Amino acid sequence: MSSTDWIYHERQEAALCGQHALNNLIQASVFTPGSLAEIALQLDDIELNYMAQNNEGGVRSKDYIRRVNEGSGNVDAQGNFSIQVLRAALEQMYDLPLPAIGQDDLDKSRDITSYQGFICNRRDHWFAIRYIGAQFWNLNSTLDKPEAISHFRLAAELEGLQRDGYSVFVVPKELPAAERNTGIDKFWWERSNLEGGSKKRSNMEPGNARTDWRSVGTGRRLDGRSGVAAEEMNEMSEEEMLQKALQASILPDVPEEPPADAASVVTIQFRFATGKRVRRRFLEQQPVQVVYAYCEQEMGGGSVELRYGFPPRDLSTQSAKTIGEAKLNGESIQARSA
């Protein structure tokens, strides 16, 4: 069977409709909550760096401090992503733009049915419409199964969505072909069954893709806050907890934070995996290893992975330098367990 004989339709899980909309548009399980959250944090850093450089007062300006205190502007704890995240994800992975349907630089003479895909949004809900197998399909993750939209009805459907308060975004370039061997088995539908009104997804055994359910519902929240730290501690054996305590006890000493008016003082902003954000002062002449020691102390021990700049780079490449030599003044560093 060709790829157009199958339709991929991820169903709603938590508030991850942005992720589902992208995967349904691409017809593959490509984007994960973690990958989209990483893009969101990168966009936050770009916005903060821009404010630091262009606002009067820099990192001490009221607007900058307010923005930092507000938390991420591109993802919340439930997994609601901004349009900037969805656009960046498509551009980075597939070089696909995602303009609004009424945007000035779109070809106004182009027939709406000549586009292959659309992303629709109202408040915190996203869903995709895509052309597959000679007709369009509504791939809303809240639907039990994909719903066909005829060429004749497409324009009316999109106009109706806009009247209902939806913003509609369009993919003006060709979408990648669907690959049946990608994605999660339970989300694939055989097109002939959908067109025939069958409630069965397939008349044959699904493909070989499998979901690692061990990772579902665990790990950090999308805004970076941990949702399982207490549970992990409860599941530790006494030996594991003892090792964790010993590891914390042998951490190198972290120098006292210098005063703001000290000579050669620098300020670094940290974003920890717990969601905590901290601005901390160091001295230019201190080694980068002091930054690692500080983060290990803040995170309770154990090795840490630190990334800085945009695109994020591994700070370990600068570990032999001083903080001043590594040019970390004003940088935003993301810290997580290695």
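**Close-up views of a predicted model**

View 1. At 22% relative accessibility, Thr322 counts as partly exposed, where buried means under 20% relative accessible area, exposed over 50% and partly exposed in between, with a 1.4 Å probe and protein chains only. The model is predicted, so that local features need pLDDT of at least 70 and side-chain atom pairs count only at pLDDT 80 or more, while totals for chains, interfaces and linings use all residues. Residues are numbered from 1 along each chain as its sequence is written, and side-chain values use heavy atoms, with hydrogens and water left out. Thr322 lies in the loop between strand E11 (313–314) and strand E12 (332–337); helices (H or I, at least four residues) and strands (E, at least two) are DSSP runs numbered from the N terminus. Setting aside residues up to four places away in sequence, Thr322 touches Glu284, Gln285, Gln286, Pro287 and Val288, contact meaning heavy atoms within 4.5 Å. Val290 stands 32 residues from Thr322 in sequence, with a C-alpha to C-alpha separation of 9.2 Å in space.

**View 2. The crossing of helices H2 and H4.** The axes of H2 (residues 33–54) and H4 (residues 83–94) come within 9 Å and cross at roughly 110°, the axes being lines fitted to C-alpha atoms, for helices over the stretch in contact, and angles running from 0 to 180 degrees between N-to-C directions. That angle makes H2 roughly perpendicular to H4, since angles of 65 to 115 degrees count as roughly perpendicular, those under 35 as roughly parallel, those over 145 as roughly antiparallel and the rest as oblique. From H2, Leu36, Ile39, Ala40, Gln42 and Leu43 meet Gln84, Val85, Ala88, Ala89 and Gln92 of H4. By class, this contact of H2 with H4 has 7 nonpolar, 3 polar and no charged residues; Ala, Val, Leu, Ile, Met, Phe, Trp, Tyr, Cys and Pro count as nonpolar, Asp, Glu, Lys and Arg as charged, and the others, Gly among them, as polar.

**View 3. Aromatic pairs.** The structure holds 13 aromatic pairs, in which rings of Phe, Tyr and Trp (its six-membered ring) have centres within 6.5 Å, planes under 30 degrees apart counting as stacked, over 60 as edge-to-face and the rest as tilted. The rings of Phe118 and Phe136 have their centres 6.4 Å apart and their planes at 50°, so this pair is tilted. It links distant parts of the chain, with Phe118 in strand E2 (residues 117–122) and Phe136 in strand E4 (residues 135–138), 18 residues apart. Phe118 is buried, with a relative accessible area of 0%, and Phe136 is buried with a relative accessible area of 0%. Tyr115, Phe118, Tyr131 and Phe136 form one aromatic cluster.

View 4. Gln135, in strand E4, is buried, with a relative accessible area of 18%. Apart from neighbours within four places in sequence, Gln135 is in contact with Arg130, Ala148, Ile149, His151 and Glu195. Ala134, in the loop between E3 and E4, is exposed at 54% relative accessibility. Although it is not a glycine, Ala134 has a positive phi of about 80°. Most residues other than glycine have a negative phi.

**View 5. Lys327 in its loop.** Lys327 is found in the loop between E11 and E12 and is exposed, with a relative accessible area of 67%. The phi of Lys327 is near 55°, a positive value in a residue other than glycine.
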